[in-house]
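Have the sequence and the 3D view side by side. We will look at backbone exceptions, a helix pair and a sheet.

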Amino acid sequence: MRRLLSLALILLPAILWAQDFIIPSGSRLAVYVPEGGRSVVHSALDMFGSDVQSVLSSNMKHVKSQAKADIVLSIDSELPREGFRLDVVKGRLHIVGADDHGLAYGLLEVSRMMGVSPWVYWADCTPRKLSEFVLAEGFHHQQSPAVAYRGIFINDEDWGLSPWATRQEPEAWTIRQGRIKGAIGPKVSERIFQLMIRLRANYYWPAMHECSQPFFTIQGNREMAAKYGIYIGGSHCEPMGTSPAAEWAISGVGEYNYVTNRDNVLDFWRKRVEETKNQEIVYTIGMRGVHDGAMQGVKTKEEKLKYLQMVIDDQRQMLADVKGVSSDNVPQVFIPYKEVLDIYHSGLKVPDDVTLMWTDDNYGYIRHFPDSTERARSGGNGVYYHVSYWGRPHDYLWLNSLSPSLLENEMCAAYHRGISNVWVLNVGDIKPSEYQIELFMQLAWDGDSYDLLHERHTGVMGNSPVMERISFIDYFVQREFGDDQKKEIVDVLRTYFRLSSEMKPEHMSGTRVEESDKAYWNTVRPIPGDWTKARIAQRVKDYQSISDRVESLSRLVPAERRDAFFQLVKYPVQAAAQMNFKFLCPERCEEAYDSIQSLTYIYNKVCAHGKWDGIMDASPRNLPVFQKVTADMLPSYPDVSEWEPLDNGDRIVLDDDNPYLLTTPLGTDSVTLKVHLTPNHPYAGDCLSFRISVDGVQSDEVQYQTYDRSEEWKQNVLRGYAVRILTLPVDASKTQHEVRFLPVRRFVTGVKLLGIYKKHRDR
């Protein structure tokens, strides 16, 4: 009895002092902010205060004493860069940042816990009201980024963001050569930067097309970037903070040609470096043409290497001269994009402190992964990735058709192969790629998860938060639309992503762009790949099913979430469905075209009371795929394929103990097999190659690596897979054979099998 009494006396003070952190609805929240913080902290505080008001109808005030504060902000430089820690101690929430960015992310993490979506503005994801928000005494949560610079590139803005943004701030317009130049000015830039810090991004490549005024020429843009702690950079053809596509015609002298006009080109770059020497910029070094073309004035391989090396040396000296510090103390990236990758491989010397920023092939497959020497560089490695693209073999600027699974696989492979200093995503107009953008940024923050799971704060129990491990798409849908329809919406989206990645809606016409043969531009052709009437019928059925389900779901989603549902689910699903009906169903082609126009009108004029007027264009570049077609223009498809999958195509086998089974008629002495493979690129400079074994007898090594913009690469991109066909001998006395797929150096090359097929037995 005496021991129990003693224990009670010991525990009583702890019980009396234990207090949960509570924000009651309608209360006044006191926040302590240390002096000397940068503006990104105050910007995040303003956003957090707005979130508290929106969710809890509570107001926020700043106090000068920690003792009077409900939330206490502080800095702990021992935390990883831009990391943060959340702790509840004696009823107060302590948000501790490694630096000012860490504090900002910590504040907005609390907003996430309250249910505020990063897409609260950009997709009208209205937060749900709470009666109170509670974190238990002893709550502890800590995060830090895996990738140092995580950002987005606004690109191909001509048909969405630029027209919409120009309507938001007409005071920023200019008229040049009789045309209004679009203005993504400080009002819209602020909205973009708010989205970025909600997504824990910190690096921005501004829009660079000629239709838009250059970022640095619009008053207020620079200041807005500083307000939100955003590092500014530029793409592969925008060196030294300039945007030659839009700026050279304004302030350049002569041709943008380093070989023949070196002094004027250097002066063009130097003026921007001097103008922004106190701005937080990650400088892109190197040079390409004015607008996404090869460097002018060089012809031979030797000239390309010589002059690009001179450019880099000049730029490095310029940074040292203007900044007044050694150039190796100035953040820089070099981007071996398209033809520049070949120049790099021919012996270009990129200083060790510069980040080598690798690229995908514009369709989601990363072209180069760093080798051991590149991984050891002090500047590290980065990646520039696309979920939107203008160019050969065909654009995809309209819908969010890049496979999230592909994005996740490639970015996780990048992280695990040493690409962790800079990640930038080409997001086009931002909309309608919201899901892929957030997935990319989540991976940039977490970095090390192949099977991405999200820990969702669901409440507290004792001293620990209750965390539910769910897939990212489940988390995304649950956050935006709640639990009632989550399973149904997730299933619809998974089907949509499967169908649209098998064949992008923008590729349904079989046409191509930027080909010397103009027939490719204008003539509707069969969609690339092995399409039969039966496969098409199944595709139409699948699209009809998810379109109908979306229509039913739109009536079940709460009224305050319907605008978000239209933008994030209904428009992409139903517009993609109608594009498929237009090219696959002769009896529906004209009706389908009209349906796309109607959906787009709703997006621009009706959704969110017309807030998004001009943001959605269902005909980027006015390409043939977007135009009306008639039944007589549509191609025909065969009834059946000449190929049939081994084992009914229901499994991919890489296990020697579990081979494919191949049946042949007695007396057959050879068999022809077709292999489908993911059209990716070598992981470490090695070849993509495999062998096929039939009854233990191996084929020769088969390679399937492609090269930039080759005809085979174009075909692979459009149909979604690489192909190799092999004729192999078999024992004529046997009718059953074992087939094995054998990647050569599997874990080096990244060989990925999609299926094995044999010639149809009736052929």
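A residue counts as buried when its relative accessible area is under 20%. Keep that cut-off in mind; the model is a predicted one.

Start with the backbone. Most residues other than glycine have a negative phi, and most peptide bonds are trans. E82 sits in the loop between β4 (71–75) and β5 (84–89). Its relative accessible area is 1%, so E82 is buried. D156 also has a positive phi, about 50°, and is not a glycine. Look for D156 in the loop between β9 (149–154) and α4 (161–168). D156 is buried too, at 5% relative accessibility.

Now the cis peptide bonds. One joins R392 and P393, with omega about -5°. P393 belongs to the loop between β17 (381–386) and α12 (404–416). Another joins K431 and P432, with omega about 5°. P432 belongs to the loop between β18 (422–428) and α13 (434–446).

Next, the helices. The axes of α8 (residues 262–275) and α9 (residues 301–323) come within 10 Å and cross at roughly 40°. The crossing is right-handed. Among the residues that meet are L266 and W269 in α8, and M318 and L319 in α9. The contact has seven nonpolar residues, one polar and five charged.

Finish at the sheet. Four antiparallel strands form an open sheet in the order β21-β29-β23-β27. β21 (643–645) and β27 (722–729) each have a single partner strand, so one side of each lacks a neighbour in the sheet. From one strand to the next, the twist averages 30°. Inside the sheet, β23 (residues 670–677) pairs with β29 (residues 753–759) over five bridges. There, H676 stands opposite G755.

Methods: Residues numbered from 1 in each chain as written. Predicted model: local features only at pLDDT ≥ 70, side-chain atom pairs only at ≥ 80, totals over all residues. Heavy atoms only, no water. Pairing = 2+ DSSP bridges. Helix = DSSP H or I, 4+ residues; strand = E, 2+ residues; numbered from the N terminus. Axes fitted to C-alpha atoms, helices over the stretch in contact; angles between N-to-C directions. Left-handed = near helix turned anticlockwise from the far one by under 90°. Contact = heavy atoms within 4.5 Å. Nonpolar A, V, L, I, M, F, W, Y, C, P; charged D, E, K, R; others polar. Buried < 20%, exposed > 50% of the residue type's maximum accessible area, 1.4 Å probe, protein only.
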